[in-house]
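Biologist: I would like a close look at one part of this model. Please keep to a single element and what surrounds it.

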Amino acid sequence: MEPYVTLTESLNELRNQGYSEDFNLRQNCLECRNGQFKIFTDDFKVDKFIRFEGDSNPSDAAVLYAISSDVHQIKGVLVNGYGIYSESITDEMLRKLDIRS
(Lines give C-alpha, C1' and ligand atoms only; values in the text may rest on other atoms or scores of the structure.)
Protein backbone atom coordinates (compact mmCIF):
# COMPACT_ATOMS: atom_id res chain seq x y z
CA MET A 1 0.00 0.00 0.00
CA GLU A 2 1.32 3.44 -0.90
CA PRO A 3 1.71 5.99 1.87
CA TYR A 4 -1.37 8.18 1.96
CA VAL A 5 -1.63 11.58 3.52
CA THR A 6 -5.08 11.25 5.04
CA LEU A 7 -6.97 8.67 7.01
CA THR A 8 -9.79 8.82 4.44
CA GLU A 9 -7.45 7.96 1.55
CA SER A 10 -6.04 5.02 3.50
CA LEU A 11 -9.51 3.77 4.46
CA ASN A 12 -10.64 3.94 0.83
CA GLU A 13 -7.58 1.97 -0.34
CA LEU A 14 -8.14 -0.72 2.29
CA ARG A 15 -11.83 -0.94 1.30
CA ASN A 16 -10.66 -1.53 -2.29
CA GLN A 17 -8.50 -4.37 -0.95
CA GLY A 18 -11.51 -6.05 0.65
CA TYR A 19 -11.36 -4.72 4.21
CA SER A 20 -15.08 -4.07 4.30
CA GLU A 21 -16.02 -4.46 7.98
CA ASP A 22 -15.79 -1.68 10.56
CA PHE A 23 -14.47 -3.14 13.79
CA ASN A 24 -15.07 -1.65 17.22
CA LEU A 25 -12.59 -2.28 20.01
CA ARG A 26 -14.01 -3.89 23.10
CA GLN A 27 -12.22 -4.94 26.27
CA ASN A 28 -11.43 -8.49 25.09
CA CYS A 29 -12.50 -8.68 21.44
CA LEU A 30 -13.32 -6.84 18.24
CA GLU A 31 -16.98 -6.35 17.33
CA CYS A 32 -18.67 -5.61 14.05
CA ARG A 33 -22.15 -5.68 12.52
CA ASN A 34 -23.68 -3.72 15.39
CA GLY A 35 -22.23 -6.04 18.03
CA GLN A 36 -23.65 -9.20 16.46
CA PHE A 37 -20.19 -10.51 15.54
CA LYS A 38 -17.27 -10.84 17.98
CA ILE A 39 -13.72 -11.85 17.11
CA PHE A 40 -11.33 -12.76 19.92
CA THR A 41 -7.54 -12.43 19.85
CA ASP A 42 -6.81 -16.00 18.73
CA ASP A 43 -9.06 -15.55 15.71
CA PHE A 44 -7.65 -12.42 14.03
CA LYS A 45 -4.38 -10.94 12.87
CA VAL A 46 -3.24 -7.42 12.17
CA ASP A 47 -2.18 -7.40 8.52
CA LYS A 48 -0.89 -3.82 8.60
CA PHE A 49 -1.26 -0.57 10.43
CA ILE A 50 -0.79 3.07 9.55
CA ARG A 51 -0.06 5.81 12.07
CA PHE A 52 -1.36 9.31 11.62
CA GLU A 53 0.45 11.84 13.80
CA GLY A 54 -1.22 15.03 14.92
CA ASP A 55 1.02 17.88 13.76
CA SER A 56 -0.17 20.48 16.23
CA ASN A 57 -2.29 18.50 18.66
CA PRO A 58 -1.45 15.03 20.05
CA SER A 59 -5.18 14.24 20.28
CA ASP A 60 -5.27 14.32 16.46
CA ALA A 61 -3.16 11.14 16.38
CA ALA A 62 -4.81 7.96 15.09
CA VAL A 63 -3.89 4.42 14.17
CA LEU A 64 -5.62 2.58 11.32
CA TYR A 65 -5.47 -1.22 11.54
CA ALA A 66 -6.16 -3.60 8.64
CA ILE A 67 -7.41 -6.79 10.33
CA SER A 68 -8.35 -10.20 8.97
CA SER A 69 -9.68 -13.46 10.34
CA ASP A 70 -9.16 -16.64 8.36
CA VAL A 71 -11.34 -18.49 10.86
CA HIS A 72 -14.32 -16.23 10.21
CA GLN A 73 -13.47 -15.31 6.59
CA ILE A 74 -13.70 -11.61 7.36
CA LYS A 75 -11.57 -8.52 6.77
CA GLY A 76 -12.04 -5.06 8.17
CA VAL A 77 -10.58 -1.94 9.68
CA LEU A 78 -10.20 -0.57 13.17
CA VAL A 79 -9.52 3.13 13.70
CA ASN A 80 -8.35 4.15 17.12
CA GLY A 81 -8.29 7.90 17.60
CA TYR A 82 -6.00 8.15 20.60
CA GLY A 83 -4.08 4.87 20.45
CA ILE A 84 -4.86 1.58 22.11
CA TYR A 85 -3.18 2.67 25.31
CA SER A 86 -6.09 4.95 26.21
CA GLU A 87 -8.69 2.19 25.95
CA SER A 88 -9.66 -0.15 28.76
CA ILE A 89 -8.67 -3.46 27.18
CA THR A 90 -7.17 -6.74 28.32
CA ASP A 91 -3.41 -7.31 28.25
CA GLU A 92 -3.98 -9.91 25.53
CA MET A 93 -5.72 -7.36 23.28
CA LEU A 94 -3.03 -4.80 24.06
CA ARG A 95 -0.30 -7.23 22.93
CA LYS A 96 -2.21 -8.16 19.78
CA LEU A 97 -2.62 -4.52 18.72
CA ASP A 98 0.76 -3.26 19.93
CA ILE A 99 2.32 -1.18 17.15
CA ARG A 100 5.58 -0.51 18.98
CA SER A 101 7.06 -3.89 18.10
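Biologist: Which residue in β7 does A66 stand opposite?

Modeller: A66 stands opposite V77 in β7. The model is predicted, so local features need pLDDT of at least 70 and side-chain atom pairs pLDDT 80 or more, while totals for chains, interfaces and linings use all residues. Residues are numbered from 1 along each chain as its sequence is written, and side-chain values use heavy atoms, without hydrogens and water.

β6 and β7 are antiparallel, paired over seven bridges (strands are DSSP runs of E, at least two residues, numbered from the N terminus; pairing takes at least two DSSP bridges). Four residues separate the two strands in a hairpin, and Q73 in the turn has a positive phi of about 50 degrees. β5 (residues 45-52) also pairs with β6, again antiparallel over seven bridges; F52 has A62 of β6 as its bridge partner.

Eight of the eight residues of β6 are buried (under 20% relative accessible area, 1.4 Å probe, protein chains only). A62, L64, A66 and S68 lie on one side, with V63, Y65, I67 and S69 on the other.

Definitions and conventions:
Buried < 20%, exposed > 50% of the residue type's maximum accessible area, 1.4 Å probe, protein only.
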